[in-house]
Structures are given as structure tokens and as C-alpha cells.
Amino acid sequence: MIERVPRYLVPFHPKRVPHRFTDVLIIGGGLAGLRAALAVPEAQSVLVVTKSNLRQSNSSYAQGGIASVLDPEDRFEDHISDTLVAGCGLCDREVVEMVVREAPERIGELIEWGTLFDQQAGSLALGREGGHSHHRIVHALGDATGKEVMRAVIDRALSRPNVETWENAFTLDLLTGDGRCQGALVWDAVHGMVLVWSKQTILCTGGAGQVYRETTNPEVATGDGLAIAYRAGAELRDMEFMQFHPTVLYIAGSSRSLITEAMRGEGARLVDRNGNRFMEAFDPRGELAPRDVVSRAIVTQMERTRHPCVYLDLSHLDPAAVRARFPGIASTCAEFGIDITRDWIPVRPGAHYMIGGVTVDNTGRTTLSGLWAAGECTSSGLHGANRLASNSLLEGLVFGAHAGARAAVEAAAIEDSYRAVPLANARQEEGVETLDLADIRNSLKSLVWHSAGVRRDRDGLLEAAETIDHWCGYVLPRQFDDVSGWELQNMLTVAQLIIDAALQREETRGVHFRTDFPAQDDARWLRRIAFQRGE
Ligand SMILES: Cc1cc2nc3c(=O)[nH]c(=O)nc-3n(C[C@H](O)[C@H](O)[C@H](O)COP(=O)(O)OP(=O)(O)OC[C@H]3O[C@@H](n4cnc5c(N)ncnc54)[C@H](O)[C@@H]3O)c2cc1C
């Protein structure tokens, strides 16, 4: 069914569009993309394209922090083992070791570039999060780490004379010819379509949370890079593993803000609409059980009480301490008339982190020659079947640095040619077709949420696959002339891959919970599911 996906979203002819040449093209300006840009020597040109402004990325929204062994009492072996335990047998041990051992160096350079991490008694304040056996999370601005890290990294990247950024520039597709990636087709409102030819290309397009109705991810996270790589023939894997965050603010009309698990750490109780505390009936660790356990318990309790959410109750805690510890959440809730020291906060789970993505080796090399990838759009083998908290910004830093450096070395070995490579694009110009895109987008998000959300089963997945296949049948062959159409086409492709992988994996592992196969089945499933588009 996934074979319906056309090679390119739109027709283009090299004689009718402007051309641009660069040594290294980086698609995505989040932490992974900018770290990659900073790894390219100043003698080589770098073009970074982002579909929105540089501040709109999952990286900017990151709250808790970045994991690294920095306390003399902590050990690399413990961070490695915590990561492997979380990954439920599917982590690549070599990759885990590499990332964990490199973390202090990557944090050190962020500090050198001006990141102000929170301090305690003159040294870095180290937090602890679920699944970590030690205090090892550096954070900034309390719970706004991404904002501060991105401020410093954006400043650093913009100060580089060889790095050019195109904001509000949407990448539609990778260009492939002569058996390799040759650059990308990029559109913006000022220039229209541009063929960007690059000696090496690095994909850093982030996550896919927007494919789900409930998500912590910003609008830009529509999984474009996953669909783009798939159309170009690169391998993707682990697409069934979407991590859900259990407590996302649920107020109609508000953005779905993440309510940090630190709130439960401070004693907040989860209650249902009747005021019953329910977590202990599901897990002896109660509110502090792992994220996937809490997410499943919440969904079950919502069903039992026939109510669209559950609530966090902090009314038994000291009001002054609550306000001081959670100023951001207090002010967001206050906008909707909720006083978090007195009123219950409505929450439900939401899609949070896409574990699956473009297959990369430990240098960020994909299976398509000339294409590299880093960050949330990849499957590097670090997370396995479940991501350990605060390991993902770290992954973006480590793989961004590797991919940028390696891509630069390979770009340096290629002569400048300033020639357009012959491309095979079978698409012909047709009239732009109109459809109620918002209607399909909302229906898709709802369907994926219900069928491939916190709990899955064969019947629900099969029904969703059939419906999405039907939508693909008339949406994918159409030609659109704006971002909303292209994003919808990408979201449909990503949804197909998620659902297909979730159907195939007939077991429960990590974040993938099959109600019809509730046990982990190592005999059959201690392996990855990969996809590659056939020609
Ligand atoms: C609310 C929240 C809190 C989080 N907290 C933490 C935390 O505390 N610690 C942690 O380790 N992780 C955390 N994460 C996860 C972490 O933020 C992400 O995994 C990480 O930032 C991903 O970085 P990235 O560079 O791969 O992608 P992003 O930062 O998402 O950047 C993607 C970039 O790609 C661009 N892009 C996408 N599609 C296109 C296209 N078609 N054309 C052009 N450009 C495109 C976007 O514009 C953007 O610039 C959190 C995530 C969220 C949402």
C-alpha cells in the first residue's frame, strides 16, 4: 500500500527554476542542524533551510535538560546501562557507549559558546529524571533549557561567515541522480521553487508529533523529513515507536503544553473526574511509574470514567512553593482561569518524541549516498524501543557534530561543477487541485491518535490502514502549490509507515503497546522493522 507514494511531490523543470549551489546543505535549523553547521570548516559554504523561523523547533521547546555524566560520583557505565534498560533490548550498544562518553565534551562546548546552564553552589546544577540512576541532567532557565541552548547556538551559527540561513523555506524533496543525493527542492514565498545543488546534504528535520491529534510538538513537527527521505529511497526504521508524554495540558483552544513530570515528583496527585486517585491500582510506584505506564493508566481511567481527561491535583501542597517551582505552568493555566495551587489541572497523554526515523550509522551516514541525518528524524540505535529522558538533545548534538564533520570531509573531495544533474521526475504539470485539506488533516490526526496511540490492536490498526490508504489514493497523486498540501501529503506517508510497523510488531515492547499481544516476545521480535521505497 505504501508503494503509492510518488517520487516527487511536484513537477519541476531545471530550465524554469533558479539554481543555487552549496558545499553542504542542511535541512532543519534545530539543535541537530545547527550543530552540524558548526562542524563544517569555514572554508566550505553551508546553507541551512528551515520551514519556519529558527526559533520554531522541538529544540526550542525542550524543558528538562541534557543528560551527561558530570558528577564525579556518577559513571559512564551507569548512564549506558540506564539507556540500555529503557531501550528494552533494541538499543545499539556501541552507539549508546559513543553518545554517553562524548556527552561531557558536547556540554562543554555549549558552555564555551555562551549557554548559561543553571548553577548550584558555583557548579552545574544536575537534575535527575525518571530512569536515570544518578543526578546528571544539566538544565537552563529552570524548565526552559531548549530556549537558552538554542539562543546560544543560533547566535554562534549566525556569527559564522560561511553559514547562510533561509528561514520560512520549505523543503519538498531531496534531488537524486547518478545514484546519490544531489541536493533538494526548496520553496519559499519570495523565490518560489529553487533547485539547491549540494555536494553533501544533512537531514535534521525533527519529529512527527503533529501526525497525532494530541501532541507536545510545535506546528513544524509534521514528519516532513521522514517522508522526504522515504520518497528518495533512504531506509527508515523503528517507525512504530512513538513516545507519549502522560501529562499534556488539555484545555480546548489552548496549545497542548507539556506539564513536566517534576510536578508529580513534587507530590502532585493524578485524580479522575470523581476525585479518585487511580495510579496505585495500576502500578505500586503510583504517580512516579514510568511514562508509558502512566500514559496507559490515564487512557484506561478516561475510558472508565467516560471523560476526556484526568487531573493533576496540587491543592494539598504549599501554594507559595508550588508557584515558585512552576512559574511557567502557573501562568499558562492562569490564562484559562485555573489557579494551580487550588484548582485541578486537566491533562491527558500526547505524542512527544519520534524514536523511529531515517537509519543512520554512528557518523550520521544514511543508506543513500550523499545524504546524512541527525537528531529526532533519525533512528540511530540510541533509544531502542523507549527513549531515556533527556537523551535526545544529546543525540542531536553528538550526531550533528559527526554528520557535519564527515559531510564536510566528503564535500571537500568533490570538485565544484555548477551543473544541474539530469533528474528523473515523471510528474507533469497539472492544474492545482482543491480539497478541504484541514478536514483531511484533522481526520488523519484523530484516526492516528485512536488507532496508533498509547494502545494499539490489530483491528484498529487494520481499519486505520484501510482508511489512510483510501485518502492516499486521492491526496498523494494531486499537485498542491502550498505548504499545507505538501505537509498533508507527508503526514499521510508517515502515518502509513507508523501504522504498518505497528501492525507488523505483534508484541509489546517499550512505548509500543499491543493490547492483543501484551507480552514482550524476544524469540520473534528482538529485531528492527525497516522500510525502503521500491523503484
Ligand atoms: C515540549 C518538549 C519538551 C522536550 N524536552 C526535552 C528535554 O528536556 N530533553 C531532551 O533531551 N529532549 C527534549 N525534547 C525532545 C527534543 O527537544 C527533540 O528531540 C530535539 O530538540 C530534536 O532536535 P532536532 O534538531 O532533531 O529537531 P528540531 O529541533 O525539531 O528541528 C527541526 C527543524 O527542521 C525544520 N524543518 C522540518 N521540516 C522541514 C521542511 N520540510 N523544510 C525545511 N525545514 C524543515 C524545522 O523548521 C526545524 O528548524 C522535548 C520535546 C518537546 C516537544
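Tutor: Asp 78 makes a salt bridge with Arg 75, and their closest N and O atoms are 3.1 Å apart. Keep in mind that this is a predicted model.

Student: How accessible is Asp 78, and is it buried or exposed or partly exposed?
Tutor: Asp 78 is partly exposed, because its relative accessible area is 23% and the cut-off for buried is under 20%.

Student: And what about Arg 75?
Tutor: Arg 75 is also partly exposed, at 44% relative accessibility.

Student: How many salt bridges are there by this rule?
Tutor: The count comes to 38.

Student: What does Arg 505 pair with?
Tutor: Arg 505 forms a salt bridge with Glu 507, with 2.7 Å between the closest N and O atoms. Arg 505 counts as buried, because its relative accessibility is 0%. Glu 507 is buried as well, with a relative accessible area of 0%.

Student: Which residue does Arg 106 bridge to?
Tutor: Arg 106 bridges to Glu 105, the closest N and O atoms being 3.4 Å apart. Arg 106 is buried, with a relative accessible area of 7%. Both residues belong to a network of salt bridges that also links Arg 35, Glu 102 and Glu 109.

Student: Now a charge without a partner. Where is Asp 188?
Tutor: Asp 188 is in strand E10, which covers residues 180-188. Asp 188 is buried and has no salt bridge.

Student: What does the side chain of Asp 188 reach, then?
Tutor: The side chain of Asp 188 reaches the backbone nitrogen of His 191 at 2.6 Å. Beyond its neighbours within four places in sequence, Asp 188 is in contact with Asn 168 and Ala 169.

Student: Switching to the ligand. How many residues surround it, and which are the closest?
Tutor: The ligand is surrounded by 37 residues, and the closest are Ser 59, Gly 64, Gly 65, Glu 376 and Ser 392.

Student: Which elements supply the shell?
Tutor: At least two residues each come from helix H1 (31-38), helix H2 (58-61), strand E9 (170-177), strand E16 (345-354) and helix H12 (392-412). The largest share is from H2, with 3 residues.

Student: Which atom of Asp 224 is involved with a ligand nitrogen?
Tutor: A polar side-chain atom of Asp 224 lies 2.9 Å from a nitrogen atom of the ligand.

Student: Next, the backbone. What is the phi of Leu 141?
Tutor: Phi of Leu 141 is near 50°, a positive value in a residue other than glycine. Most residues other than glycine have a negative phi.

Student: Where is Leu 141?
Tutor: Leu 141 is in the loop between strand E7 (137-138) and helix H5 (145-158). Leu 141 is partly exposed, with a relative accessible area of 47%.

Student: What about Asp 238?
Tutor: Phi of Asp 238 is near 65°, also positive in a residue other than glycine. Asp 238 sits in the loop between strand E12 (236-237) and strand E13 (242-249). Asp 238 is buried, with a relative accessible area of 2%.

Student: Last one: where is Gln 532, and what does Gln 532 touch?
Tutor: Gln 532 is in the segment after strand E20 (530-531). Leaving out residues up to four places away in sequence, Gln 532 touches Tyr 230, Gly 233, Ala 234, Glu 235 and Thr 367. A polar atom of the Gln 532 side chain lies 2.8 Å from the backbone oxygen of Gly 233.

Conventions. Residues are numbered from 1 along each chain as its sequence is written. This is a predicted model: local features need pLDDT of at least 70, side-chain atom pairs count only at pLDDT 80 or more; totals for chains, interfaces and linings use all residues. Side-chain values use heavy atoms; hydrogens and water are left out. Helices (H or I, at least four residues) and strands (E, at least two) are DSSP runs, numbered from the N terminus. Buried means under 20% relative accessible area, exposed over 50%, partly exposed in between (1.4 Å probe, protein chains only). Lys and Arg count as positive and Asp and Glu as negative; His and the chain ends are not counted. A salt bridge is a side-chain nitrogen of Lys or Arg within 4 Å of a carboxyl oxygen of Asp or Glu. A polar contact is a pair of N or O atoms within 3.5 Å; within protein, one must be able to donate a hydrogen and the other to accept it, and residues adjacent in sequence count only if both atoms are side-chain atoms. Contact means heavy atoms within 4.5 Å. A residue is near a molecule or strand if one of its heavy atoms lies within 4 Å of it.
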